[in-house]
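I opened this notebook to keep track of what I looked up, one entry at a time. The entries follow the order in which I went through the structure.

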Amino acid sequence: MKGKADTSKKGEGRLKAAGGASKRKKDAAAAGKPKRPPSAFFVFMSEFRQQYNAENPNNKSVANVSKAAGEKWRAMSDEEKAPYVEKAEQKKKDYEKTKATFDNKVTLGSWCMFFQL
């Protein structure tokens with residue numbers, strides 16, 4: 001039949017691609033690579049989530065928490081956001097230091113392996 005793709009091959013290709021991507025993510029995490037720092041919104045979100053769950057103990061929906069957090073974040077002024085921005089900047093500095101030491105270890109490790117006989 002002309003014009004019809006073989007769906008079995010198409011589905012298998014997707015599965016292989018998805019499996020390969022997840023394996024790479026696991027390899028990077030297993031190697032001890034530091035996680036990227038959260039943005040100011042995610043720093044805010046971690047505090048807001050605790051407060052929201054304390055006020056609404058019967059809420060089981062993650063979407064409700066996210067919507068409420070987004071609305072509150074948009075309504076906040078720059079002065080109100082400033083503490084979260086400062087915390088995010090500090091976490092970014094810590095991440096950059098950790099990443100630099102990690103990169104040095106990886107670079108030195110590859111050189112040591114190169115010269116081993």
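Entry one. In which hand, left-handed or right-handed, does α2 pass α3? Before answering I note that the model is a predicted one. I looked up the pair of helices and found that α2 passes α3 in a right-handed crossing. Their axes come within 10 Å and cross at roughly 120°. I therefore record α2 as oblique to α3, since angles of 65 to 115 degrees would count as roughly perpendicular and those over 145 as roughly antiparallel.

Entry two. I then turned to α3 itself, which runs over residues 62–75 and has 14 residues. From its first C-alpha to its last the helix reaches 20 Å, and this is close to the 20 Å expected at 1.5 Å a residue. At the N-terminal end of α3 I found a cap, S61, whose side-chain oxygen lies 3.3 Å from the backbone nitrogen of A63. When I asked which residues of α3 are buried, the list came back as V65, A68, A69, G70 and W73.

How many salt bridges does a search of the whole structure find? The search finds two, and I took them one after the other. In one of them the side chains of K87 and E47 meet, with 2.7 Å from N to O. This pair links distant parts of the chain, as K87 sits in helix α4 (residues 78–115) and E47 in helix α2 (residues 40–55), 40 residues apart. I checked accessibility too: K87 counts as partly exposed at 38%, and E47 is also partly exposed, with a relative accessible area of 32%.

Entry four. The other salt bridge joins the side chains of K99 and D103, at 3.1 Å from N to O. Here both residues lie in helix α4, four residues apart, which is about one turn of the helix. K99 has a relative accessible area of 30% and is partly exposed, while D103, at 31%, counts as partly exposed as well.

Finally I looked up R36, which is found in the loop between α1 (7–30) and α2. With a relative accessible area of 73%, R36 is exposed, because the cut-off for that word is over 50%. I also compared its place with that of K99: R36 and K99 are 63 residues apart in sequence, and 9.1 Å apart in space, C-alpha to C-alpha.

Conventions: Residues are numbered from 1 along each chain as its sequence is written. This is a predicted model: local features need pLDDT of at least 70, side-chain atom pairs count only at pLDDT 80 or more; totals for chains, interfaces and linings use all residues. Side-chain values use heavy atoms; hydrogens and water are left out. Helices (H or I, at least four residues) and strands (E, at least two) are DSSP runs, numbered from the N terminus. The expected span of a helix is 1.5 Å times one less than its number of residues. Buried means under 20% relative accessible area, exposed over 50%, partly exposed in between (1.4 Å probe, protein chains only). A polar contact is a pair of N or O atoms within 3.5 Å; within protein, one must be able to donate a hydrogen and the other to accept it, and residues adjacent in sequence count only if both atoms are side-chain atoms. Axes are lines fitted to C-alpha atoms, for helices over the stretch in contact, and angles run from 0 to 180 degrees between N-to-C directions. Angles under 35 degrees count as roughly parallel, over 145 as roughly antiparallel, 65 to 115 as roughly perpendicular and the rest as oblique. A crossing is left-handed if the near helix is turned anticlockwise from the far one by less than a right angle, and right-handed if clockwise.
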